[in-house]
Amino acid sequence: MMTKAHRTFRPIIFTALAAGVAAAIASLVWFNAYAAAGRLLTADPNAIPADRPVMHRAVTAGQAVYSRQCASCHAAGGQGSVALSTPALNDGDWLYGDGTPAEIERTVSYGIRSHHARSWHLTEMPGYIQATASGTHQIIPLTPSDIRDLTEYLMKLQGEPGDEQAAARGQTLFHISAGCWDCHARDAGGDRATGVPSLTDKIWLYGKGDRQSIFDSIAFGHAGVCPAWIDVLTPAEIRQVALYVYALSHPEDSGESK
Amino acid sequence: MSDTPAWRDPTQIHAGRSLVLAATGAVIGLIIAGYGLFTARGTSTLLVPPEDVALVNQQPLSRVDFVGMLKSLYDVDLADSTPEQRRKILEDMIREEVYVQRGKDLDLASVDPDVRGAMVAAVEQVSATSAITDQPTEDKLRAHYDANRTLFTSAGTMDVRDYVFKDAAAAAGAVTALRSGKPADSVLAANGGRDSAKVSSEEFYFAAKIHLGDALFTAATAMATGAVSEPIEADGIHVLQMVKNTPPTQYTYEDARVRVLDDYRKKAITRAQANMEMFLRKRANVLISEDLR
């Protein structure tokens, strides 16, 4: 026979049981997410694209992070911006490293010339219209005609027609007095280990490769910046956005089922 | 009527029961708080977070750095690395961390000038990092452009000849002759002048300023192509003949945006570092010796 006390306690017991079940489900969901984040973070970043389910989840989450933190500069689809002089992230052409997820993750974490001690910051394009073009390398300034000659040489490297004699003088400047070869390499192919762009591939970060923008780049120099996100994003978010950026140029590795 | 005692019947209000339960809760709370307070050893965990490869005295060693060092030292990915390679990198990282921690224990910053310099540079970098992460809006950049328009111009160039004469009369005669179109060589010979050769070809404004000096450069910038100046007294009597003057032209905001952002960031970094120094100085208890006050 049910007493009054039993009748009173029954709804309390049911409520407590329901709360317990809800808490257990929430714990399971949280633990699953925690474990998934753990699997994502402990895996070799370069091996994740081959793991389609993990990659798919990471890319989906990374897209939200990208939209929030990166799209304002690199554009929504990662196509970059000529106006903002930000590089495309979807063309497979990388200024720093070879574009592996681990290298992208490092760039996202520490940035480029972000003033973080671990950022990419070994090189900087000096402006040649200063008394000392580069304080660290004691590079001498150039005259206007020197810069015009160098511009002609760079146009020639792109296969563009121009003043051959000026280009020949520019070639001498490139390889001797202006010291361009020291960073851009003898063949002007650049150096991905230090973030120095190739000058032969018709891919321009500043301007559209016309004479005026090349002249200005030599005259005023450049030092593009990408912030360090290590203190802003969580480790999981950094890896997710790195994998999303990787997938922009490797759509076949985005983890989506075909 | 139920025969259940009143204090056990939840349908009935019982002051004694409420008091006992409240007191019990308070005692349990005090016990937990006391235990936590008197046995606290700081936040400690036995689990290594997945984003790290190790904890050294609870100080994390980042997995990103671990993978980066594997790549730098052995040019291998994590998955392709051997256990020996991973162990070597991990041992190196742990060694560095324990030495850094020992350095903090020894308070090396107070005695080693290199450590002090590195710490000053690192703190400056921290404040610069936050300034860079804060992305300015287009409105802010445009306002910066409007406030500093003179910074965002093309580079002016000039090709100018600087002739030096013994006295003002000779210089005045040369000015008349040059303005009438006579060749410079014959004018110089007739008036006892010479080319200072300070500027021998087209130069950027900054270089011409260095070579000519402030007074002559200021006069030169106001001259049109083909013009001949009045005699100028500046460590001798000078006459300038402008072969070609191309003054700087103003860039539009759109054309100058990259330079605007660059300049904005540089100034933001300077401001952030100055603010940090001000904050640190304000917070510091600095006592200065009486003889230096």
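Student: Hi! How much area do chain A and chain B bury between them?

Tutor: Hi! This is a predicted model, and in it chain A and chain B bury about 3,300 Å² between them. Carbon and sulfur atoms account for 65% of that area.

Student: And how many residues does the contact take from each chain?

Tutor: Chain A puts in 51 residues, and chain B puts in 37 residues.

Student: Which salt bridges does the rule find across the interface of chain A and chain B?

Tutor: It finds two salt bridges there. One of them joins B:D65 to A:R118, with the closest N and O atoms 2.6 Å apart. In general, side chains of opposite charge can pair when their charged atoms come close.

Student: What about polar contacts, how many residue pairs are there across that interface?

Tutor: The rule finds 10 residue pairs in polar contact between chain A and chain B, both residues being at pLDDT 80 or more.

Student: Which helix gives the most to the side of chain A that touches chain B?

Tutor: That would be α1(A), with seven residues. Helices α1 (4–42), α4 (101–110), α5 (144–157) and α8 (211–220) of chain A each supply at least two residues to that side. By class, the side of chain A that touches chain B has 28 nonpolar, 14 polar and nine charged residues.

Student: New topic! How many salt bridges are there over all chains?

Tutor: A search of the whole structure gives 19. Among them is A:E105 with A:R239, whose closest N and O atoms are 3.0 Å apart. This pair links distant parts of the chain, 134 residues apart: A:E105 sits in helix α4 of chain A, and A:R239 in helix α9 (residues 235–249) of chain A.

Student: Last one: at what angle do α5 and α10 of chain B pack?

Tutor: Helix α5 (residues 138–147) and helix α10 (residues 253–283) of chain B pack at about 95 degrees, with their axes 9 Å apart. So α5(B) is roughly perpendicular to α10(B).

Student: Which residues meet there?

Tutor: Including B:L141 and B:Y145 from α5(B), and B:V260 and B:Y264 from α10(B). The contact of these two helices has seven nonpolar, one polar and seven charged residues.

Note on methods:
Residues numbered from 1 in each chain as written. Chains lettered and ligands numbered in written order. Predicted model: local features only at pLDDT ≥ 70, side-chain atom pairs only at ≥ 80, totals over all residues. Heavy atoms only, no water. Contact = heavy atoms within 4.5 Å. Buried area = accessible area lost by both parts, 1.4 Å probe. Salt bridge = Lys/Arg side-chain N within 4 Å of Asp/Glu carboxyl O. Polar contact = N/O pair within 3.5 Å; in protein donor to acceptor, adjacent residues only side chain to side chain. Helix = DSSP H or I, 4+ residues; strand = E, 2+ residues; numbered from the N terminus. Nonpolar A, V, L, I, M, F, W, Y, C, P; charged D, E, K, R; others polar. Axes fitted to C-alpha atoms, helices over the stretch in contact; angles between N-to-C directions. Parallel < 35°, antiparallel > 145°, perpendicular 65-115°, else oblique.
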